[in-house]
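Let's work through a pair of exercises together. Have the model open so that you can check each step as you go.

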Amino acid sequence: MITGGRRGFNARGPPRSGSPGLGARPKVQSDIPLRMLVPTQFVGAIIGKEGATIRNITKQTHSKIDIHRKENAGAAEKPITIHSTPDGCSNACKTIMDIMQKEALDTKFTEEIPLKILAHNSFVGRLIGKEGRNLKKIEQETGTKITISPLQDLTLYNPERTITVKGSIEACAKAEEEVMKKIRESYESDMAAMNLQSNLIPGLNLNALGLFPTTAPGMGPSMSSITPPGAHGGSSSFGVSETLLQICAYSVYIQQGHPESETVHLFIPALAVGAIIGKQGQHIKQLSHFAGASIKIAPAEGMDAKQRMVIIVGPPEAQFKAQCRIFGKLKEENFFGPKEEVKLEAHIKVPAFAAGRVIGKGGKTVNELQNLTCAEVVVPRDQTPDENDQVIVKISGHFFACQLAQRKIQEILAQVRRQQQQQQQQQLKPTSGPQAPMPRRK
């Protein structure tokens with residue numbers, strides 16, 4: 001299995017040098033390409049002399065096939081990405097398996113050649129199903145044995161799990177259809193949920209999410225192929241997989257002018273400080289560079305402190321990226337259980353005079369905010385404003401809930417500031433002086 005950096009399953013764009021031929025584009029194309037791993041020694045047979053074999057496959061299956069043979073030099077396996085309709089992907093997959101089987105016989109290769117499908121980890125939990133029921137059903141119906149690579153193999157640059165299917169070529173082909181059907185259903189479900197929620201974060205550009213294949217050509221490899229760590233299955237309060245919400249860190253906020261810098265205090269388990277800092281501070285430096293934010297960890301408040309405060313300073317996009325990576329890192333390093341969502345507390349400071357606006361009359365605004373975001377939002381009543389006449393608003397919840405609450409509170413503060421400016425402008429307007437005397441009539 002490939003353990004180094006590989007393109008995400010959504011990587012698209014011009015074919016690489018390892019893709020000698022392309023067939024006609026299908027009229028109806030699946031949003032999710034089929035990604036599979038093949039032994040490196042069979043890549044030549046799949047391509048064929050002067051690319052004749054791969055051209056024939058693309059023509060017959062009406063697909064676009066990228067063979068990423070230049071990736072991971074020396075690796076035992078190479079990824080292949082197939083873009084087509086579900087039927088086109090399945091036909092191309094079966095043809096490739098047939099070619100590998102024939103090549104194995106010709107070269108007296110005696111080892112079993114299983115089908116290996118690559119799938120983004122955010123879909124794997126739903127493929128497995130509760131207590132493994134979905135996967136067991138596919139195995140029983142197709143007569144195959146299916147295993148999935150462990151979570152420990154996930155890295156920052158490898159968000160995919162390897163689904164290994166063992167059985168006859170016909171059985172593996174049937175299993176591929178069922179596996180990809182589940183993955184496509186998960187993708188469509190997430191897309192629908194995200195579209196419903198896209199209006200909740202002003203300026204959130206869904207077309208810039210690295211997960212969605214149609215955006216990759218306009219994005220550099222740093223955007224299209226990197227996905228946050230901690231990609232574990234499970235659903236959030238919004239009904240969207242936790243990882244999909246984390247992938248939002250790669251979205252781009254549409255900012256007007258120069259967005260103001262914000263300061264957020266994020267509280268993490270004290271034991272996780274080392275993981276966030278990294279060896280010789282490398283991880284926190286890389287995180288700061290990636291997010292475009294200043295990130296510092298405050299000293300412990302006492303010997304027995306169970307939490308440490310991470311101070312993040314930067315504009316909204318930087319906050320989004322930095323906090324996402326921190327949530328993901330905590331999940332990746334197992335500071336939260338496999339079925340447990342990462343929930344953290346964040347503090348933001350607001351002007352004392354604006355705290356009432358966040359709370360609302362009778363707590364109406366803060367209650368609406370909690371219902372909308374699924375985060376717990378608290379403005380402690382008995383606070384003494386600091387030297388800057390500011391008070392703390394506490395936000396607790398999973399990543400997306402925290403982000404949404406922060407954005408909504410910043411909207412309230414922006415509205416308060418606009419009203420203040422309007423009042424100041426009204427006060428600065430010159431008042432009309434005494435009326436000039438009317439000229440006398442002769």
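Below are two tasks with their solutions, after a short note on conventions. This is a predicted model, in which local features need pLDDT of at least 70, side-chain atom pairs count only at pLDDT 80 or more, and totals for chains, interfaces and linings use all residues. Residues are numbered from 1 along each chain as its sequence is written, and side-chain values use heavy atoms, with hydrogens and water left out.

**Exercise 1.** Work out which residues of helix α10 (residues 282-291) are buried.

*Solution.* Start with the definitions: helices are DSSP runs of H or I, at least four residues, and strands are runs of E, at least two, both numbered from the N terminus. Buried means under 20% relative accessible area, exposed over 50%, partly exposed in between (1.4 Å probe, protein chains only).

Step 1: Ile 284, Leu 287 and Ala 291 are the buried ones. They lie on the same side of α10, because their arc around the axis is only 60°, taken from the directions from the helix axis to the C-beta atoms.

Step 2: turn to the opposite face, where you will find Lys 285, Gln 286 and His 289 exposed.

Step 3: look for the cover over the buried residues, which includes α9 (273-277), β8 (294-297) and α11 (316-332).

**Exercise 2.** Find how many helices and strands the protein chain has, and what share of its residues is buried.

*Solution.* Step 1: the chain has 14 helices and 12 strands.

Step 1: of its 442 residues, 50% count as buried.

Technical notes
Contact means heavy atoms within 4.5 Å.
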